[in-house]
Amino acid sequence: MLDIKLIRNQTAQVQTALAKRGDYDLQPLLDLDAKQRQVEKQRSDLQAQSNEVGKLVGQKIRQGADPAGDDVKALRASGNEIKQTLSELEPHERELKANIEEILLTLPNLPDDSVPVGKSEAENVEIRRWGDELIAAGRSSLPTYETHYDLGERLGIMNFERAAKVAQSRFVTLIGAGAALERALISFMLERHVKAGYTEIMPPILVNSESMTGSGQLPKFAEDGFKCDRDDLWLTPTAEVPLTNLHRDEILTADQLPINYCAYTPCFRREAGSYGRDTRGLIRLHQFNKVEMYKFVHPNSSFDELEALTRDAEDVLQQLQLPYRVLALCTGDMGFGASKTYDLEVWLPSADKYREISSCSNCVDFQGRRANIRFKASGQKGTQYVHTLNGSGLAVGRTMAAILENYQQADGSVRVPDILQKYMGTETIGAPSSESP
RNA sequence: GGAGAGGUGGCAGAGUGGUCGAAUGCGCUCGACUUGAAAUCGAGUGUACCGAAAGGUACCGUGGGUUCGAAUCCCACCCUCUCCGCCA
């Protein structure tokens, strides 16, 4: 959520920044704001009068006045009169506030000045690449690449048809080494992040609407979520939701910051509006696993923390020896709550291109304000909103896809990345002798 | 799901219609005493909005209501705890 004071006092700057992301007219909001403040002033003045009358009545009665006498009666009448006016102002003010809130909740975050301006993903800017030589080496050793889903089904480690029978399309069942590889990846990633100073969290993965609003999924993106209607509970689309809301409505102390969390959770997305895209394989599923990193930080350090967060995600890919590149997302491609985002894209040889595998964002105070998460510096007056960051570290299913494709061998088997071998207890998946049901 | 109890400031805990944003204790901050510390004593110690300031307004789980006046009375909801049932 944007700061209404900022919108009020620096309208032109906000307008310019928002224009980089789309078409937003702030005038209706400013009109409502002015009206609301005026009504609030009226109401609070009246309230003061009313309190005065109340006090007087109390005083008189305590001094022995007849509670039914004319003196008190007159006061009661004037109290009633004030109350009459108040009863008209109050709902009006409430409505104005609700309208303002409603608009504020639908405005996206302001892009940082360093974010490239652009309309679509075509205008994202490549920042760096890692592992070009691995791509070249792969190309020279294998003439063609099997897709991860053909490979997975051939080896009997994943099954889409049966998953569709059990649930729907866009689900997968992992079998044997497939399931083990997924689990190995989760363990490896979590252990890596814990070593790097993140505290492991296992949060609820059903969350209420307030939580979905706090992190920015609601009210605008209700269509993307799976909802349990009877309970006001949603299946988390990302661990970012429960992690943000862990500290909702809290006032932290400055010395608690930064707080670094990591969490493995399943994630659930309807993928509304993506019919026909990535219909096969592990790339776009309604349910997938993700290890998420999350930071609550001091406003002064959030952009440094974004660099650190991105490096943490990159380290996972480097340890897995998977080629990738880092993109700075342009204003048109960034998520709703982000002020600046780096995407990591992993190399998928069967498609001969890079695909998103991680997204690392600095939301600055956007979620802090929505979820009311503040901190207080000792000796300082007042509170400030914390800055929050989130990053995938990594999307597990997509990592599995990248491993299967990049590590496939001429004999049709897949070599297990060195770092995962101790988790898997094996060096190869689908060795010629292996059988599957 | 059934029966009962309860939700007050960082914590504990008073407060059942009026001057209560809220006693008291603990904690915390600053100061005094001390070579230093402990102990003791003194002062302070919630959040947000409006206002240049003085000051005003709101908040005692949440939302409504009664009243000149609500932490206190009424209604609804949420949450927590205990017992029973069910259950990994």
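Biologist: Why is serine 339 called buried?

Modeller: In this predicted model, serine 339 has a relative accessible area of 3%. Buried means under 20%, so serine 339 counts as buried.

Biologist: Where is serine 339 found, and what is it in contact with?

Modeller: Serine 339 sits in the loop between strand S11 (324–328) and strand S12 (340–348). Leaving aside neighbours within four places in sequence, its contacts include Asn109, Leu110, Pro111 and Asp112, along with Phe303 and Asn362.

Biologist: Let's turn to arginine 269. What makes it partly exposed?

Modeller: Its relative accessibility is 30%. Buried is under 20% and exposed is over 50%, so arginine 269 lands in between and counts as partly exposed. Arginine 269 is found in the loop between strand S9 (259–268) and strand S10 (287–297).

Biologist: How do you know that arginine 269 has a polar contact with proline 237?

Modeller: A polar atom of the arginine 269 side chain lies 2.9 Å from the backbone oxygen of proline 237. The cut-off for a polar contact is 3.5 Å, so that pair falls within it. Not counting residues up to four places away in sequence, arginine 269 also touches Asp224, Phe226 and Thr238, among others.

Biologist: What does UniProt say about arginine 269?

Modeller: An unreviewed UniProt entry has a "binding site" annotation covering Thr238, Ala239, Glu240, Arg269, Glu292, Asn390 and Ser392. Another "binding site" annotation covers Arg269, Arg270, Glu271, Glu356, Ile357, Ser358 and Ser359.

Biologist: Buried or exposed: how is glutamate 292 classed?

Modeller: Glutamate 292 is buried, because its relative accessible area is 2% and the limit is under 20%. Glutamate 292 is found in strand S10. Beyond four places in sequence, glutamate 292 is in contact with residues including Thr238, Ala239, Glu240, Asn390 and Ser392, which are also named in the UniProt annotation.

Biologist: And from the other annotation, why does serine 358 count as buried?

Modeller: Serine 358 has 0% relative accessibility, and under 20% is the rule, so serine 358 is buried. Serine 358 is found in strand S13 (residues 353–362), and among the residues it touches are Tyr342, Asp343 and Ser392.

Biologist: What about arginine 270, what makes it partly exposed?

Modeller: Arginine 270 has a relative accessible area of 38%. Arginine 270 is in the loop between S9 and S10, and touches Glu223, Asp224, Gly225, Phe226 and His286, not counting residues up to four places away in sequence.

Biologist: Why is helix H13 called largely enclosed?

Modeller: 10 of the 11 residues of helix H13 (residues 396–406) are buried, so the helix is largely enclosed by the rest of the structure. Among those buried residues are Val396, Arg398, Met400, Ile403 and Glu405.

Biologist: Now the RNA. How do you know that glycine 54 has a polar contact with RNA strand B?

Modeller: A polar backbone atom of glycine 54 is 2.7 Å from a base nitrogen of RNA strand B. The cut-off is 3.5 Å, so this pair is a polar contact. Arginine 43 has a side-chain N or O atom 2.5 Å from a sugar or linking oxygen of RNA strand B. For asparagine 51, a polar side-chain atom lies 3.0 Å from a phosphate oxygen of RNA strand B.

Biologist: Which element gives the largest share of the surface near RNA strand B?

Modeller: That's H3, with 14 residues. By class, the surface near RNA strand B has five nonpolar, seven polar and 12 charged residues. Of the RNA atoms within 4 Å of the protein, 66% belong to sugar or phosphate, and the rest to bases.

Biologist: What makes aspartate 352 worth a look?

Modeller: Phi of aspartate 352 is near 60°, a positive value in a residue other than glycine. Most residues other than glycine have a negative phi. Aspartate 352 is in the loop between S12 and S13, and counts as partly exposed at 46% relative accessibility.

Biologist: Which peptide bonds are cis?

Modeller: The bond from leucine 218 to proline 219 is cis, with omega near 5°. The bond from glycine 393 to leucine 394 is cis as well, with omega near 5°. Most peptide bonds are trans.

Note on methods
Residues are numbered from 1 along each chain as its sequence is written. Chains are lettered from A and ligands numbered from 1 in the order in which they are written. This is a predicted model: local features need pLDDT of at least 70, side-chain atom pairs count only at pLDDT 80 or more; totals for chains, interfaces and linings use all residues. Side-chain values use heavy atoms; hydrogens and water are left out. UniProt positions are given in the numbering used here, feature names are shortened, and annotations may be inferred rather than shown by experiment. Helices (H or I, at least four residues) and strands (E, at least two) are DSSP runs, numbered from the N terminus. Buried means under 20% relative accessible area, exposed over 50%, partly exposed in between (1.4 Å probe, protein chains only). Contact means heavy atoms within 4.5 Å. A polar contact is a pair of N or O atoms within 3.5 Å; within protein, one must be able to donate a hydrogen and the other to accept it, and residues adjacent in sequence count only if both atoms are side-chain atoms. A residue is near a molecule or strand if one of its heavy atoms lies within 4 Å of it. Ala, Val, Leu, Ile, Met, Phe, Trp, Tyr, Cys and Pro count as nonpolar, Asp, Glu, Lys and Arg as charged, and the others, Gly among them, as polar.
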